[in-house]
Structures are given as C-alpha cells and as structure tokens.
Amino acid sequence: MGRSTARLCLRKLTKGVLCFSISDYYVRTPSKSDARKKVALHKKVYGIDGCMGCLDVTKIHWGACPVAWKGQGRFPTIGLEAVSDYNLWIWHNAFGFPGSLHDINVWDRSPLLESMLDGSHDTIDFSFHIDGQKFDQLSYLVDGIYPSLAQFLATVNDPTTALDCFYAPKQEGCRAFGVLKKKILSIGTKSVLYHREDMFY
C-alpha cells in the first residue's frame, strides 16, 4: 500500500471510530457524577481530596507541516493540552496550538480556562472538606509554570518538609503524556498528516 493511501485509510478510520462509536462516551465533558468518581479515585490513590486530575501540555512533531507555518524552531510542533486522571482517562483535550507557545500561553487560549471564566465549569464542582475546611472548587495538578490559582495544585520543586516529600512524587506520578508516549509510539513520533483537523482525530 502506498504512503498516501495508508494516510487516507488512517484518517478515515480514526474519524469513523471517533464520530460514530465512542465519541458519546469517551469524548465528552464530565458530569457531576463523573467528577465525584474521579475525586474519589484520586483521594484513594494519592490521598488528595478534590482533585480532578493532571493538566498538562505536550508537543507533537508535525513532519508534514507546510513550510510557511514552520516558524523559528528546530522542527515544527503542535501543542496538545489535556486533563487526565490516574487511569489515564483523558476527558479534556485542546489541540492545534502552535508549537512556539509555552504551557502558560496555551493555558491563556484554553477552552478549560474559558469554561472556568464563563461559569460552565461550575456545573461539575461540588463541596468537599479538607481538615475541617470547606472547599467548593475542584483542583488540578499542574507544573510550576502555571499561574497561582485556587484550582491549581503546583508541583514542589524542592521538597524539604515531610509533607512536601509525600506530595511531590505523587504529583509528578500523575503525568499522562509520559506514560502514553512510552505505550503509544505514535504520540512520541512525528505526524505525517498534512492538516491539523486530521491530526485532531
């Protein structure tokens, strides 16, 4: 089979699978009951209550990038932002950011930020207690590059106390992209598709 035919078959297969069979279940905004299950899972595994998952950004090498879009980097990349839970279930993703953007610039353009600002994210929030104190917003594990928001639990760069030493490895262990790049080689290798819309699938 020729390279262009293989590319066409891959594009049709992924669009077909995503559009017809799994999109209603896997590619959707979580409900409040989904959020409760994820929070219970992370409380059991990490001992952190109110945690929805890990927010992270990765860059995917775009081998077939048009010359006009390549930019100034060594090679062209496209940014993928995702929130995943302990089971590597990715329930939020945003794809197509220029590779020249850092995590904080991607966050400024994120649909997740939009949902937090327009109030639609509040539909999954619920109240919980930590050490007798009540909280009303769910949180996300993030890198230190993200802004200091009440909903972000940033990593501890230099853990010194016993609590920091307990928290830091658990926070770093929640990174989905590191695991997925080892298990699914297509994420770590360059994409040969020509259009960003096709790469989304």
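User: Which words describe how far a residue is covered, and what kind of model is this?

Analyst: Buried means under 20% relative accessible area, exposed means over 50%, and partly exposed is in between, with a 1.4 Å probe and protein chains only. This is a predicted model, in which local features need pLDDT of at least 70 and side-chain atom pairs count only at pLDDT 80 or more, while totals for chains, interfaces and linings use all residues. Residues are numbered from 1 along each chain as its sequence is written, and side-chain values use heavy atoms, with hydrogens and water left out.

User: How many helices and strands does the protein chain have, and what share of its residues is buried?

Analyst: The protein chain has eight helices and seven strands, which are DSSP runs (H or I of at least four residues for helices, E of at least two for strands) numbered from the N terminus. Of the 201 residues in the protein chain, 38% are buried.

User: How do you know that the buried residues of α4 line one face of the helix?

Analyst: The buried residues of α4 (111–118) are L112, L113, S115 and M116. Seen down the axis of α4, these residues fall within an arc of 160°, and therefore they line one face; the arc is that of the directions from the helix axis to the C-beta atoms. On the other side of α4, E114, L117 and D118 are exposed. The cover over the buried residues of α4 includes β1, β2 (77–84), β3, α3 and β6.

User: What makes the span of α2 agree with the number of its residues?

Analyst: Helix α2 has 15 residues, 32–46, and at 1.5 Å a residue it should span 21 Å, so the distance of 21 Å between its end C-alpha atoms agrees; the expected span is 1.5 Å times one less than the number of residues. The buried residues of α2 are D34, A35, K38, V39, H42 and Y46. They cover an arc of only 130° around the axis, and so they are on the same side of α2, whereas K37 and K44 are exposed on the other side. Just after α2, G47 takes a positive phi of about 75°.

User: What makes a set of residues a nonpolar core, and which members of the largest one touch the most other members?

Analyst: A nonpolar core is a set of buried Ala, Val, Leu, Ile, Met, Phe, Trp, Tyr and Cys residues joined through side-chain atoms within 4.5 Å. The largest such core has 23 residues, of which M52, L55, W107 and Y140 touch the most other members. Two or more residues are given to this core by each of α2, β1 (51–61), β3 (90–98), α3 (103–108), α4 and β6 (139–142). A second, separate core has five residues, including I48, C51, C54 and L141.

User: Why is the pair of W107 and F152 called edge-to-face?

Analyst: Six aromatic pairs are found in a search of the whole structure. W107 and F152 form one with 5.1 Å centre to centre and 65° between the planes. Rings of Phe, Tyr and Trp (its six-membered ring) pair if their centres lie within 6.5 Å, and planes under 30 degrees apart count as stacked, over 60 as edge-to-face and the rest as tilted, so this pair is edge-to-face. W107 is in helix α3 and F152 in strand β7 (residues 152–154), 45 residues apart. W107 is buried at 2% relative accessible area, and F152 counts as buried at 8%. The rings of Y146 and F152 have centres 5.6 Å apart and planes at 75°, so that pair is edge-to-face as well. Ring pairs link W107, Y146 and F152 into a cluster.

User: What makes I124 count as buried, and which residues does I124 touch?

Analyst: I124 is in the loop between α4 and β4 (128–130), and its relative accessibility of 4% is under 20%, so I124 counts as buried. Not counting residues up to four places away in sequence, I124 touches P30, S31, K32, A35, M52, L138 and Y140. From C-alpha to C-alpha, I124 and A35 are 6.2 Å apart in space, although 89 residues apart in sequence.

Conventions
Contact means heavy atoms within 4.5 Å.
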